[in-house]
Amino acid sequence: MKSKRITIADIAQKSGYSKTAVSFAFNCPERISRDAVEKILKIAQELDYFPDPMARNFSLGRHLSLGFLVPQSFDISMKNPHVVDVLRGIGSVCESYGYTITCIPPLRSSIAEAIKNATVDGIIGMGLEFGSEVQEAFKRRKLPFVCIDAIDEENVISVSIDNKEAAKRQMTEALKRGHRKIAVISLPGAAYLSDNDSPAVAPGVASARNRGYQEAVEEFGINTPFKTYPVLATKEGGEEAVKRILSDGMPTCIITMSDIQALGAIEYLEGQGIRVPEDVSVMGFDGIYHTVMGKNLCSIDQRGHEKGKKAAEMLFEILKGNEPENKISLIPFTFEEGETLKDIS
């Protein structure tokens, strides 16, 4: 037979203190005397009492957890090492505050539904679009939030790199080395696309990077436009894009918008007997993989761990009642020279 769960009422009865005092001993020990705290905790131990976390959080008025709205479905998001790197950064800050992380995928394909049902004190989202339903969900929940790579929204607190300038640098490095037949493996656009959604329109991060590519091409006086192949930021996405690229003709360089796409592209090319970079160069974007197939990957390092840490630090400041002076925090990026980009000039 299941034994009766010990409650604070049981501790109060045995210790002679009120239920309020017992609650303080666990949640706000500074509000009662040290002797009272020690006696209450000793009796709790004798009774083998474990605080109910839901009851404790209710009494504190907090959930002691931050929510992380993942970019697509949980399965797809966790295949992207950049998302994992961001999550690591968020986690390191949460740990220092004694908080947990709640990963929140779209609920029934709805961001608004996920926000409405999240048991968290605040939310960090990646590439989040602020449609009317999402805005209303945040407003009704009164949840503070910080975005990573926000999609061109005013008055949204966000952490990002300068995606246009980073992509411009990426394209410029290829053009400087003589590449003119360039294919771009793009991102699918806004976050929360399902496998059935069309990736033809790419707002936010993807469009900012495409503008950077275009600026670089124009500055070099090149009239032939580069062709983009939008796919998910997964290894499988990179493989899929390369198949389409090769059917359109062999480029001299493939620029990707994520390292995991670059990994898929290189593995597929090498599997077809196409050498990287001897036959075709490949560039990544994330700074995650230092070596791919035994070669140093040429990439843009966008410091996902640092982005995650900064976003979490900003959110905790908001929870303390401190509004950030600058709504947009730009993290610096660096160009990582690698062996997968060949000079053909």
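These legends describe close-up views of a predicted model. Local features need pLDDT of at least 70, side-chain atom pairs count only at pLDDT 80 or more, and totals for chains, interfaces and linings use all residues. Residues are numbered from 1 along each chain as its sequence is written, and side-chain values use heavy atoms, with hydrogens and water left out.

View 1. Strand β9 covers residues 281-286 and contains D286; strands (E, at least two residues) and helices (H or I, at least four) are DSSP runs numbered from the N terminus. D286 is buried but has no salt bridge, and R209, the nearest side chain of opposite charge, is 5.3 Å away. Buried means under 20% relative accessible area, exposed over 50%, and partly exposed in between (1.4 Å probe, protein chains only). A salt bridge is a side-chain nitrogen of Lys or Arg within 4 Å of a carboxyl oxygen of Asp or Glu. For charge, Lys and Arg count as positive and Asp and Glu as negative, while His and the chain ends are not counted. The side chains of D286 and Q302 are joined by a polar contact of 2.7 Å. A polar contact is a pair of N or O atoms within 3.5 Å; within protein, one must be able to donate a hydrogen and the other to accept it, and residues adjacent in sequence count only if both atoms are side-chain atoms. A polar atom of the D286 side chain also lies 3.2 Å from the backbone nitrogen of D259.

**View 2. Helix α10 and its packing.** Helix α10 (residues 205-219) has 15 residues and reaches 21 Å from its first C-alpha to its last. This is close to the 21 Å expected at 1.5 Å a residue, the expected span being 1.5 Å times one less than the number of residues. Buried residues of α10 include R209, G212 and Y213. The buried residues of α10 pack against α9 (163-176), β6 (182-186), β7 (227-230), β8 (253-256) and β9, with contact meaning heavy atoms within 4.5 Å. G221 follows α10 and has a positive phi, near 70 degrees.

**View 3. Salt bridge between E173 and K176.** The two side chains meet at 3.5 Å, N to O. Both residues lie in helix α9, three residues apart, about one turn of the helix. E173 counts as buried because its relative accessibility is 4%, whereas K176, at 49%, counts as partly exposed.

**View 4. Salt bridge between K295 and E270.** The side chains of K295 and E270 meet at 3.1 Å, N to O. K295 lies in strand β11 (residues 295-296) and E270 in helix α12 (residues 259-271), so the pair ties together parts 25 residues apart in sequence.
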